Amino acid sequence: GFEVGVLNGKVRPGDVVAVVGAGPVGLAAMMTARLYGPSRIVAIDKADSRLEKARSQFGADLTVNGDAEDPVEVVKGLTDGLGADVAIEAVGIPETFELCTDLVRPGGRVANIGVHGHPATLHLERLWIRNVTITTGLVDTSSTPTLLRLVSEGRLDPQPFATHRFTQDQILDAYGVFADAAKTNALKMVLTRS
């Protein structure tokens, strides 16, 4: 979320940042984008429980349930019709990548952090004239020392990610809870020895 989303997306003070996907990686992008002083962070997802977490614990200013309202209309309404300065794709499906290219303003940036298993259409016929920059990549962990320092200094709180705790002898239960995250509201599991 931080390295490939916020840093590659070049989030700057005053930016409107739209994050598509409020799972753990998208939430991490929201939390760390806040470090750069954006004017608004918009969380977009289809799960109300994740949108609530985005707003209450991870720094989103506004949430949009994509099943209930059009995210493009909402973001354009916030930006005088221009779109987001940075759109971060954190799902990894063609529809959400294409949504990000619709959300971004002329001269804006799309940072793709989702892991895609299927091809997504790249509408160069619409994007080239708008000067849109698209970045992708894998985490190389160069930002880990910075993140650890921010956690140790109290500037980032990773606690909200740990939604469930299990002992090692409950590992099968932990897998079950994580596998059914839509119902259990699971983000990350913490396993302890006893």
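A residue is taken as exposed when its relative accessible area is over 50%. Proline 13 has a relative accessible area of 66% and is therefore exposed. This residue of the predicted model is found in the loop that runs between helix 1 and strand 1 (16–20). Proline 13 touches Tyr36 and Gly37, when residues up to four places away in sequence are not counted. Proline 13 and proline 38 are separated by 25 residues in sequence, while their C-alpha atoms are 4.7 Å apart in space.

Strand 1 pairs with strand 2 in the parallel sense, over five bridges. In this pairing, valine 17 stands opposite isoleucine 41 of strand 2. Strand 2 (residues 40–45) also pairs with strand 3 (residues 62–65), again in the parallel sense, and four bridges join strand 2 to strand 3. Valine 42 has leucine 62 of strand 3 as its bridge partner, and aspartate 45 stands opposite asparagine 65 of strand 3.

A right-handed unit is made by strand 1, helix 2 and strand 2. Strand 2, helix 3 (residues 48–57) and strand 3 also make a right-handed β-α-β unit.

Burial was examined for strand 2 and helix 2. Five of the six residues of strand 2 are buried, so the strand is largely enclosed by the rest of the structure. Helix 2 is likewise largely enclosed by the rest of the structure, because eight of its ten residues are buried. The buried residues of helix 2 are Pro24, Gly26, Leu27, Ala29, Met30, Met31, Thr32 and Ala33.

The lining consists of 43 residues, of which Gly1, Pro24, Val25, Ala28 and Ile113 are the closest to the centre of the pocket. By residue class, the lining divides into 24 nonpolar, twelve polar and seven charged residues. At least two lining residues are supplied by each of helix 1 (2–7), helix 2 (24–33), strand 2, helix 5 and helix 7 (144–152). Helix 2 gives the largest share of the lining, with five residues.

Helix 5 (residues 94–103) contains threonine 96. Threonine 96 is buried, because its relative accessible area is 11% and the cut-off for burial is under 20%. Leaving aside neighbours within four places in sequence, threonine 96 is in contact with Val20, Glu89 and Val91.

Technical notes. Residues numbered from 1 in each chain as written. Predicted model: local features only at pLDDT ≥ 70, side-chain atom pairs only at ≥ 80, totals over all residues. Heavy atoms only, no water. Buried < 20%, exposed > 50% of the residue type's maximum accessible area, 1.4 Å probe, protein only. Contact = heavy atoms within 4.5 Å. Pairing = 2+ DSSP bridges. Right-handed = clockwise from strand over helix to strand, strands pointing away. 1 Å grid on protein atoms, 1.4 Å probe; cavity = no way out; pocket = protein on both sides within 12 Å on 5 of 7 lines; lining within 4 Å. Nonpolar A, V, L, I, M, F, W, Y, C, P; charged D, E, K, R; others polar.
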